[in-house]
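Visitor: I have this one open on my screen and would like a walk through it. Can we start with the terms, then go to the details?

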Amino acid sequence: MGIGLSAQGVNMNRLPGWDKHSYGYHGDDGHSFCSSGTGQPYGPTFTTGDVIGCCVNLINNTCFYTKNGHSLGIAFTDLPPNLYPTVGLQTPGEVVDANFGQHPFVFDIEDYMREWRTKIQAQIDRFPIGDREGEWQTMIQKMVSSYLVHHGYCATAEAFARSTDQTVLEELASIKNRQRIQKLVLAGRMGEAIETTQQLYPSLLERNPNLLFALKVRQFIEMVNGTDSEVRCLGGHSPKSQDSYPVSPRSFSSPSMSPSHGMNIHNLATGKGSSTHFSGFESSCSNGVISNKAHQSYCHSKHTTTSLNVPELNNINVSRSQQVNSYSSNDVDMETDHYSNGVAETSSNGFLNGSSKHDHEMEECDTEMEVDSSQLRRQLCGGSQAAIERMIHFGRELQAMSEQLRRECGKNTANKKMLKDAFSLLAYSDPWSSPVGNQLDPIQREPVCSVLNSAILETHNLPKQPPLALAMGQASQCLGLMARSGIGSCAFATVEDYLH
Amino acid sequence: MKNAVIGNNKQKANLIVLGAVPRLLYLLQQETSSTELRTECAVVLGSLAMGTENNVKSLLDCHIIPALLQGLLSPDLKFIEACLRCLRTIFISPVTPEDLLYTDATVISHLMALLSRSRYTQEYICQIFSHCCKGPDHQTILFNHGAVQNIAHLLVSTSYKVRMQALKCFSVLAFENPQVSMTLVNVSVDGELLPQIFVKMLQRDKPIEMQLTSAKCLTSMCRAGAIRTDDSCIVLKTLPCLVRMCSKERLLEERVEGAETLAYLIETDVELQRIASITDHLIVMLADYFKYPSSVSAITDIKRLDHDLKHAHELRQAAFKLYASLGANDEDIRKKIIETENMMDRIVNGLSESSIKVRLAAVRCLHSLSRSVQQLRTSFQDHAVWKPLMKVLQNAPNEMLVVASSTLCNLLLEFSPSKEPILESGAIELLCSLTQSENLALRVNGIWALMNMAFQAEQKIKSDILRGLSTEQLFQLLSDSDVNVLMKTLGLLRNLLSTRPHIDHIMSTHGKQIMQAVTLILEGEHNIEVKEQTLCILANIADGTTAKELIMTNDDILQKIKYYMSHSNAKLQLAAMFCISNLIWNEEEGSQERQDKLRDIGIVDILHKLSQSSDPNLCDKAKTALQQYLA
């Protein structure tokens with residue numbers, strides 16, 4: 001009996017090891033056969049009742065065997081890729097049981113893998129860096145600093161720069177401006193975001209008509225969502241929904257990291273000790289992934305029973321807006337407070353202040369919120385007729401803009417698709433649970449936000465992406481490439497291991 | 001001062017010369033000093049102790065140890081920690097006698113009590129214990145002070161250093177100590193038994209130091225019988241771990257320790273020897289131990305050469321030891337060892353190395369391999385191993401002589417081709433002198449080798465042995481208190497008294513003394529084997545031509561033979577019967593008279609009785625004897 005490895009196409013009528021591209025360990029003489037008819041003394045012989053293991057190490061391309069749980073040492077080195085486990089039987093009536101891990105192995109393979117995992121990690125940890133003293137540290141600090149600046153954590157960036165003796169490349173005021181715009185986008189207040197951008201960077205959007213178009217399409221979506229300032233002021237949602245985006249723009253490439261937002265929301269909620277309050281609150285601002293899902297099913301059942309007609313919608317709206325008004329005094333206080341923090345020229349991070357204030361408020365109005373959460377459902381443009389009209393009007397403007405863009409800049413399929421998708425929302429009675437409903441997900445604000453942020457940074461001659469994000473992306477890509485090229489050590493290294 | 005001396009041995013020496021130590025010790029001991037001051041003093045002293053060995057000696061001369069031990073009685077933890085740190089540094093220095101720790105009995109119990117104070121006290125105290133525990137006396141003192149219970153829970157400390165030092169403590173406490181080892185298996189920490197904790201510390205992602213030390217703990221426990229040799233924690237965990245420690249990837253120190261520990265683990269268990277022999281090509285892996293300093297290291301850099309040279313002896317002796325253990329019992333393994341590249345040359349070279357440790361290990365290895373008949377006839381002969389072996393035996397210390405003479409015993413077996421040249425190189429004289437040794441093992445080996453030498457030897461050799469030994473010494477050995485010596489001496493006599501001309505020759509010169517000795521032993525309080533051997537000697541004498549008369553004329557002996565023919569033990573009956581057969585054998589001269597005489601004393605009656613015996617051997621033998629009378 002021979003146990004070993006074969007490449008595709010090796011003759012299956014001969015024992016593994018005898019032919020080219022095949023490798024084997026034979027029981028009768030205990031020799032190893034490395035693509036050759038003559039074997040080398042390797043290990044003990046084996047026979048009925050013995051458990052023989054064959055392990056291919058894809059990191060160093062070697063193979064060793066085990067007998068009854070004892071490692072026999074390396075049998076083959078420099079193995080080619082893509083080998084298949086092979087057992088060759090020679091004696092009539094021979095029987096072999098194969099175990100590919102469905103039963104525990106006799107040999108402690110887990111322990112072996114632990115050793116290699118540690119080796120690979122030590123190799124990464126000890127990778128030689130920098131030729132000159134301190135150069136490496138300076139580079140790391142620059143990466144951290146630029147990341148903080150990029151995302152507008154101005155207070156942190158300032159403190160970090162101070163304690164590491166660095167200069168921040170961008171002016172503080174500029175960082176704060178970007179932060180303000182980002183916050184508006186992430187809160188779904190696109191109209192204000194566009195306005196502020198135009199105010200602070202007058203020529204930016206003029207020079208970037210495609211960007212302006214993308215922002216406007218997003219504004220349209222937010223109108224449908226009922227979160228945009230233009231429809232909100234028409235009596236839709238309680239104003240407090242806008243600032244409730246509790247997650248800072250921390251992700252490196254927003255879409256791929258989106259699940260973490262849901263998690264963060266959850267953490268925050270449990271951290272406050274009353275997740276029910278929070279989810280009630282959250283549903284009003286349609287922010288988190290978790291609450292959205294729960295809500296969707298609820299809405300869906302409602303809407304299937306009642307056909308969509310305007311009077312009915314209005315009725316519901318009236319009752320709802322009343323409800324909202326009944327506690328709006330509380331909320332306005334908080335909102336103003338927060339908003340002023342966001343733009344105030346204080347050195348502290350406006351967002352952090354806002355959110356802590358916010359949590360505090362939340363506890364004060366517990367009871368009302370619970371009532372709110374039980375009755376709340378999502379409605380087109382927040383449920384206001386005026387808002388719907390405004391949205392329809394805005395949609396026509398958008399259509400006009402699209403046509404103008406096409407005239408001026410030629411066809412743009414991306415733009416066309418964007419607009420089509422956005423308009424499709426109106427085709428469904430419940431846009432949130434429609435096939436195009438994911439556009440309404442607050443996470444979709446992130447790519448828009450990051451494109452806008454990058455565009456602003458570019459006008460300052462700063463990198464579109466923070467170097468840290470680039471490095472992370474590079475590392476992830478590199479691991480993917482290693483996996484595709486069959487470099488085994490990538491199995492024991494993940495970028496996440498280093499993101500504590 | 002503290003800042004001036006850190007990392008600067010020159011400054012340390014300067015301060016010591018200037019007399020800083022007595023002053024520091026004075027301030028440290030002064031009750032009126034503030035604790036801050038006393039602590040700083042201990043820190044500076046600790047820093048001085050980190051210097052050269054001479055610095056440590058100066059500190060010891062100023063009686064620093066009692067002063068620091070006194071400091072441990074302070075209520076202030078910071079001060080205690082500083083004192084312990086300094087004590088630790090002093091005790092791990094090779095110039096400090098470890099007995100200083102045991103001079104005052106209260107010190108150990110106080111240290112045990114301090115173990116609960118902080119992770120630093122734990123680390124330093126464990127380190128002191130593991131460095132100062134040398135030999136069974138120290139082990140017993142620490143054990144009796146509850147070291148096992150006090151240190152066990154430190155194995156799960158959150159601090160790696162504490163875990164590691166606690167583990168080291170156990171490895172020295174349990175080493176060759178059955179009492180500690182038997183206790184350890186039943187101790188549990190947080191519901192987990194110590195062996196399980198040790199096994200976790202063996203995992204391959206743990207630091208090598210930790211894997212190796214826990215393997216040593218488990219090895220001691222296994223050798224003490226506290227863990228079975230077929231327990232999976234030995235077979236599947238400890239053994240493979242130790243084999244890995246022998247691999248080329250490990251540091252030289254680790255490879256030495258790994259091989260020595262493995263040699264100890266498998267020394268007496270053939271199954272473990274078999275598993276080790278197939279694990280990770282261990283036998284081939286060990287061949288690499290002989291390649292230091294390598295030719296590459298000599299060229300590349302001088303530092304590496306120095307490092308290699310320092311470890312070369314240690315590596316070689318460790319490899320020899322492990323080969324000796326591997327080949328102790330299994331013939332196939334011996335064959336594999338000898339087939340390893342240049343193995344015999346390496347042993348031969350090892351036998352003549354300057355380092356006694358290497359020589360001893362090489363002899364051990366040779367001894368283990370000499371148990372193979374095939375190897376004695378082939379590779380041992382090809383490499384003339386007897387030559388360096390005989391050289392090793394000259395003026396060697398006892399420890400070496402024991403193993404070397406044991407090996408010689410095997411080389412002197414009749415089928416061994418080395419026998420002749422060994423004799424020619426004056427082995428008889430050497431072996432005869434061994435039989436006079438105070439050391440029991442040497443006496444046994446000496447007489448044993450002579451016995452082997454005399455087996456089927458030519459007359460000259462036998463005479464040489466008798467002459468070399470002298471009859472006085474022979475009788476001395478026959479009254480030796482050790483039964484092994486007695487048995488081998490009787491064996492020697494029996495081998496000397498074989499083939500008729502030899503029997504007659506020897507009995508003509510030493511007949512009287514031999515007969516006396518035989519009588520003495522048959523009358524004495526000895527076990528069955530001894531008596532049987534003695535009766536066999538008589539049977540040999542009875543086989544001689546002239547020697548027969550020495551028995552026939554000795555009525556006392558004849559009565560004794562008669563007595564043993566009716567003895568309750570069949571073996572003795574059979575041996576006595578051999579005597580009788582030889583005496584009454586028909587074809588020989590004077591057989592008729594002897595038959596008559598023996599009939600007169602009632603032998604024939606006994607023969608008749610025995611021919612009815614249920615024992616087929618006895619029955620057969622009796623019938624054959626009776627036939628001699630009929631013919």
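Guide: Two strands count as paired if DSSP finds at least two bridges between them. Helices (H or I, at least four residues) and strands (E, at least two) are DSSP runs, numbered from the N terminus. This is a predicted model, where local features need pLDDT of at least 70, side-chain atom pairs count only at pLDDT 80 or more, and totals for chains, interfaces and linings use all residues. Residues are numbered from 1 along each chain as its sequence is written, chains are lettered from A and ligands numbered from 1 in the order in which they are written, and side-chain values use heavy atoms, with hydrogens and water left out.

Visitor: OK. How many bridges pair strand 6 and strand 7 of chain A?

Guide: Four bridges, in the antiparallel sense; strand 6 of chain A is residues 62-67. Within that part of the chain, A:F64 stands opposite A:I74 of strand 7.

Visitor: Which strand order does that sheet have?

Guide: The order is 5-6-7 in chain A, an open sheet of three strands with antiparallel pairing. Its edge strands are strand 5 (52-57) and strand 7 (70-76), each pairing on one side only. On average, neighbouring strands there are turned by 25° against each other, direction ignored. For that angle, axes are lines fitted to C-alpha atoms (for helices over the stretch in contact), and angles run from 0 to 180 degrees between N-to-C directions.

Visitor: And what holds strands together in general?

Guide: Strands of a sheet pair through backbone hydrogen bonds, either parallel or antiparallel.

Visitor: What about the five-strand sheet, which order does it have?

Guide: In chain A the order is 4-3-2-1-8, again an open sheet with antiparallel pairing. Strand 4 (40-41) and strand 8 (84-88) of chain A are at the edges with a single partner strand each, so one side of each has no neighbour in the sheet.

Visitor: How many residues lie in the turn between strand 2 and strand 3 of chain A?

Guide: Four residues lie between the two strands, which form a hairpin. In the turn, A:G30 has a positive phi of about 70°.

Visitor: Is strand 2 of chain A covered or exposed?

Guide: Mostly covered: five of the five residues in strand 2 (residues 22-26) of chain A are buried. Buried means under 20% relative accessible area, exposed over 50%, and partly exposed in between (1.4 Å probe, protein chains only). A:S22, A:G24 and A:H26 point one way and A:Y23 and A:Y25 the other, and all are buried.

Visitor: Which residues does A:Q439 touch?

Guide: Leaving out residues up to four places away in sequence, A:Q439 touches A:R218, A:I221, A:M418, A:D421, A:A422, A:L425 and A:Q444. Contact means heavy atoms within 4.5 Å.

Visitor: What does UniProt list for residues 174-231 of chain A?

Guide: The unreviewed UniProt entry lists "domain: CTLH" there. That span is 83% helix and 0% strand. UniProt also places "domain: B30.2/SPRY" (unreviewed entry) at residues 1-105 of chain A, a span with 0% helix and 38% strand. UniProt positions are given in the numbering used here, feature names are shortened, and annotations may be inferred rather than shown by experiment.
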